[in-house]
Amino acid sequence: MSALFTGRYRDLLLDLLRLPSVNPLEAGPGDPPSLLPRLLERYAAAAAEAGFRTVRLAAPAADCLERPGVPATVTAAARDPRFLAGQPSLLLRLGPGRPSADTVMFNVHLDTVAGHTPPVFDGERFTGRGAVDAKGPAVALLAGLAAAASHPAVGRDVTVLVAAVAGEEGGALGTYGTRPLLEAGYHGRLNIFCEPTGLRALPRATAAMTARITVTGEDAVDDHPDAGHNATVLLGFLAQHLAACLDGAVPGARVCVAGLHTGRTHNRVHGTGTLLLNLSYRTTADGGSLQTAVTRHLADGLARFAELFGDRREFARTARDAARITGLTWDKRGLPALDNRDTWAEALLTRAGARPAGDDPGFTCDAIWAAELDGAFTAVLGPGSLAANRAHAPGEFVDLADLEDFARVIHRLVTSFAEENRSPDNRTPLRKESG
């Protein structure tokens, strides 16, 4: 077979990389405004050439944020109506609407983290924000689907859905992009979330919770640091204490000790500040255990701080009041984790060229919202690696060869799904185990 990721798709990817689509929750002072609506229109136009029609291209309804599990940061941002208005999602379909048993759905996010830079393609490698996470996979997906569309059963006997969504980055975690589309019934018997996995088909996705530890004390002048509450010392101590105590507290959980901020000036004691922890977990039950562990170890840490610093001249007041001025809230919690199995679907992915998951624990992405789908199997699959390809870091890249490989896997997967879906033996409900 000749190359699938041809010049037209190289040009498309460069176009998408040029259009900034930094999630507003991520945007820094150096980031240009998001042009996500224009980007989605460009993607829809390219998909139309392969026979896909646009089912919807619209901003999410405001009431989607009234559901449980919506991060506090999203709720706060949405107080400005321009936030949701600038965060539409696109739904494409090849073939008529059919029951989910006869449908395969692909989900890919086109918002990015901060750090938009002009793209570069040197003939072998694309560099730019979103190259691997996930504009590159989005274009390779389209290249594979365009090739699969020439199969007579694709679009005729089975339907292909593509959800190109906003709201995956910035901690939004699909609450206003993926989740509303799935709840509206836009999913299939087989659902593929396109994220960098090294072409491993991961049948699981961790969920995440974000703890916000806030100190609300009083400032003091640097000549009398004992007169105030030193949030920097207190939160710095708690960061180390929680890092040590939470590491391994729940098997399979990962603890990211994230941002710590108190102040930027040198000539004062900063009495207020915040510490953020992002905690991922593999099962919904583990999420509850992790939440309990954070609460317990925070209390222990505050008691230990009071013990260690209670007789220190500059920190005695902070130690005495530590428990009173320190609070714990949750930016997000209670989200489901995905862990499903199906022999037929996993064998289909393997025959298409996807690699087995092995002991890869997966990572947090929008696929968590597929955890409760009945009669469905969901996998996370895509080219490249979050770490090795520098996703979320300067110099993010993806290799042309990896995009080509992914396009070929998509082509084989869709045509095999169409062929095997004809067999009555393959119409039995899928067995799904979600954590």
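How do H7 and H8 lie relative to each other? They are oblique to each other, an angle class that excludes those under 35 degrees (roughly parallel), over 145 (roughly antiparallel) and 65 to 115 (roughly perpendicular). This is a predicted model, in which local features need pLDDT of at least 70, side-chain atom pairs count only at pLDDT 80 or more, and totals for chains, interfaces and linings use all residues. Residues are numbered from 1 along each chain as its sequence is written, and side-chain values use heavy atoms, with hydrogens and water left out.

**Confidence**

- Mean pLDDT (the predictor's confidence in each residue, from 0 to 100) is 95 for the protein chain, and 97% of its residues reach 70 or more.
- Residues 427-435 stay under 50 in pLDDT.
- Where pLDDT is low, the predicted coordinates should not be read in detail.

**Helix pairs**

- Helices (H or I, at least four residues) and strands (E, at least two) are DSSP runs, numbered from the N terminus.
- The axes of helix H7 (residues 231-246) and helix H8 (residues 284-309) come within 9 Å and cross at roughly 130°.
- Axes are lines fitted to C-alpha atoms, for helices over the stretch in contact, and angles run from 0 to 180 degrees between N-to-C directions.
- The crossing of H7 and H8 is right-handed, meaning that the near helix is turned clockwise from the far one by less than a right angle.
- Contact (heavy atoms within 4.5 Å) involves residues including Phe-237 and Leu-238 of H7 and Leu-298 and Phe-305 of H8.
- The H7 and H8 contact residues divide into 14 nonpolar, 3 polar and 2 charged.
- Ala, Val, Leu, Ile, Met, Phe, Trp, Tyr, Cys and Pro count as nonpolar, Asp, Glu, Lys and Arg as charged, and the others, Gly among them, as polar.
- H5 and H11 pack with axes 7 Å apart, at an angle of about 45°, and are therefore oblique to each other.
- H5 and H11 also make a right-handed crossing.
- Among the residues in this contact are Ala-140 and Leu-141 of H5, and Phe-406 and Ile-410 of H11.
- The contact of H5 with H11 has 12 nonpolar, 4 polar and no charged residues.

**Six-strand sheet**

- An open sheet of 6 strands has the order S1-S2-S6-S3-S7-S16, with mixed pairing.
- Strand S1 (53-58) and S16 are at the edges with a single partner strand each, so one side of each has no neighbour in the sheet.
- Two strands pair if DSSP finds at least two bridges between them.
- Strand S7 (residues 190-193) runs parallel to S16, joined by 4 bridges, and Leu-190 has Phe-377 of S16 as its bridge partner.
- Helix H2 (residues 36-48) packs on this sheet, touching S1, S2 and S6, with a direction about 5° from that of S2.
- H11 packs on the sheet too, touching S3, S6 and S7.

**Three-strand sheet**

- Strands S4-S5-S17, in that order, form an open antiparallel sheet.
- S4 and S5 pair over 2 bridges, and Phe-121 stands opposite Phe-126 in S5.
- Helix H11 (residues 400-420) lies across S4, S5 and S17, at about 65° to S17.

**Backbone details**

- Most residues other than glycine have a negative phi, and most peptide bonds are trans.
- The peptide bond from Asp-133 to Ala-134 is cis, and Ala-134 lies in the loop between S5 and helix H5 (135-148).
- Arg-390 has a positive phi, near 60°, in the loop between S16 and S17.
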